[in-house]
Amino acid sequence: MSNCSPHRRLRRWLIVSRNITRLQRFYFKATKAMALTQISSNKCWGGFQKVFEHDSAELRCRMRFGIYLPPKAESGKCPVMYWLSGLTCTEQNFITKGGSQQAAADHGIVIVAPDTSPRGCNIEGEDESWDFGTGAGFYINATEEPWKTNYCMYSYITEELPRLINANFPVDSERMSISGHSMGGHGALICTLKNPGKYKAVSAFAPICNPMQCAWGQKAFSGYLGPDKSTWESYDATVLASRYSGPQLDILIDQGKEDQFLAAGQLLPDNLIAACTEKKLPVVFRLQQGYDHSYYFVLSFINDHIKHHAKYLNA
């Protein structure tokens, strides 16, 4: 029988009760954040192309992502490739226009295609520009008001979304790669260069290679990160490549020669190639005659990119 007074026992019980309540609240929030709502499911090349919605703790809004589950996912864990889309895109652009499902089925690769920004956050000005705000998250963590509360796409892509995918789908978390188009190509490159060894492979279509030096990047970085350009460097692939120290990378980049944004100086691949050459980072850069910036370009070469990823994911 305890020697504690009734008052002391009551106090201890209240402390334990409060701790249990805190744990219950934490568990509820964590469970809610991990809960998925299936939006659609379509049979495709023997697997399934699905779309899910969930509450994002990082972005503090509802988010959607597409996921292709190849036939091999029915019998075991598969490697996973993350695809990052470009300006104005949602999760729908790649899964409906990219034509990736057949190659993903052949190589047994899960492909996850998230949205490109938070949506419906009621931030003043979020829908005023096609290249800033909604549909233009730039895969960075904003530090400026009013964006910093919601616009944390870098953490969402590199941390929260993989946790969600690993917990709910038959994927091998040790075999992960990343690719993307335009703004998403920028995202794929910086996620890889900032996290040596995290991704087994990386590739990009017409990436924004040196955002500090182009109008798109300068607009986004000044708005999300503020005027101090030293803070921009950690999200610029050219700068990151010049400072990279980690496992050897094999970077594949396709660029359309007739890309209007290449001609306008928005993509600047030569700057990235120069930085990689100086650092002895292998880059296969293919300038494709006659191709523009559209998804017709992506569709034309996506099989090559998935084969590039499979080489490392299935090694």
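Tutor: Start with charges and rings. A charge sits over a ring if NZ of Lys or CZ of Arg is within 6 Å of the ring centre and within 35 degrees of the ring normal. Here the charged end of Lys 50 sits over the ring of Phe 48, 5.1 Å from its centre. Lys 194 has its charged end over the ring of Tyr 154, 5.1 Å from the ring centre.

Student: What kind of model is this, and what are the ground rules?

Tutor: This is a predicted model: local features need pLDDT of at least 70, side-chain atom pairs count only at pLDDT 80 or more, and totals for chains, interfaces and linings use all residues. Residues are numbered from 1 along each chain as its sequence is written, and side-chain values use heavy atoms, with hydrogens and water left out.

Student: What is the mean pLDDT of the protein chain?

Tutor: pLDDT is the predictor's confidence in each residue, from 0 to 100. The chain mean is 93, and 89% of its residues reach 70 or more. Over residues 23-33 the pLDDT is below 50, and this stretch has four contacts in the model beyond near neighbours in sequence. Contact means heavy atoms within 4.5 Å.

Student: How many helices and strands does the protein chain have?

Tutor: Both are DSSP runs, numbered from the N terminus: helices are H or I with at least four residues, strands E with at least two. The protein chain has 10 helices and nine strands. Take contacts between residues at least 6 apart in sequence: 72% join residues at least 24 apart.

Student: How do I read burial?

Tutor: Buried means under 20% relative accessible area, exposed over 50%, partly exposed in between, with a 1.4 Å probe and protein chains only. Of the 315 residues in the protein chain, 51% are buried. Ser 85 is a case, with a relative accessible area of 1%. Ser 85 lies in the loop between strand E4 (78-84) and helix H2 (92-97).

Tutor: The expected span of a helix is 1.5 Å times one less than its number of residues. H5 (residues 183-194) has 12 residues and reaches 16 Å from its first C-alpha to its last, close to the 16 Å expected. In H5, 11 of the 12 residues are buried, so the helix is largely enclosed by the rest of the structure. Among them are Met 183, His 186 and Cys 191.

Student: Which residues of helix H6 are buried?

Tutor: In H6 (residues 215-225) they are Trp 216, Gly 217, Ala 220, Phe 221, Tyr 224 and Leu 225. Seen down the axis of H6, these buried residues fall within an arc of 110°, so they line one face of the helix. The arc is that of the directions from the helix axis to the C-beta atoms. The buried residues of H6 pack against H5 and helix H8 (260-263). Gly 226 follows H6, with a positive phi near 95°.

Student: And aromatic pairs?

Tutor: A pair of aromatic rings is described by the distance of the centres and the angle of the planes. Rings of Phe, Tyr and Trp (its six-membered ring) pair if their centres lie within 6.5 Å; planes under 30 degrees apart count as stacked, over 60 as edge-to-face and the rest as tilted. The whole structure holds 19 aromatic pairs. Trp 147 and Tyr 151 have ring centres 5.2 Å apart and planes at 85°, so the pair is edge-to-face. Ring pairs also link Trp 83, Phe 94, Phe 205, Tyr 291, Phe 297 and Phe 301 into a cluster.

Student: Is Trp 147 buried or exposed?

Tutor: Trp 147 is buried, with a relative accessible area of 7%. Its contacts, neighbours within four places in sequence aside, include Gly 133 and Tyr 224.
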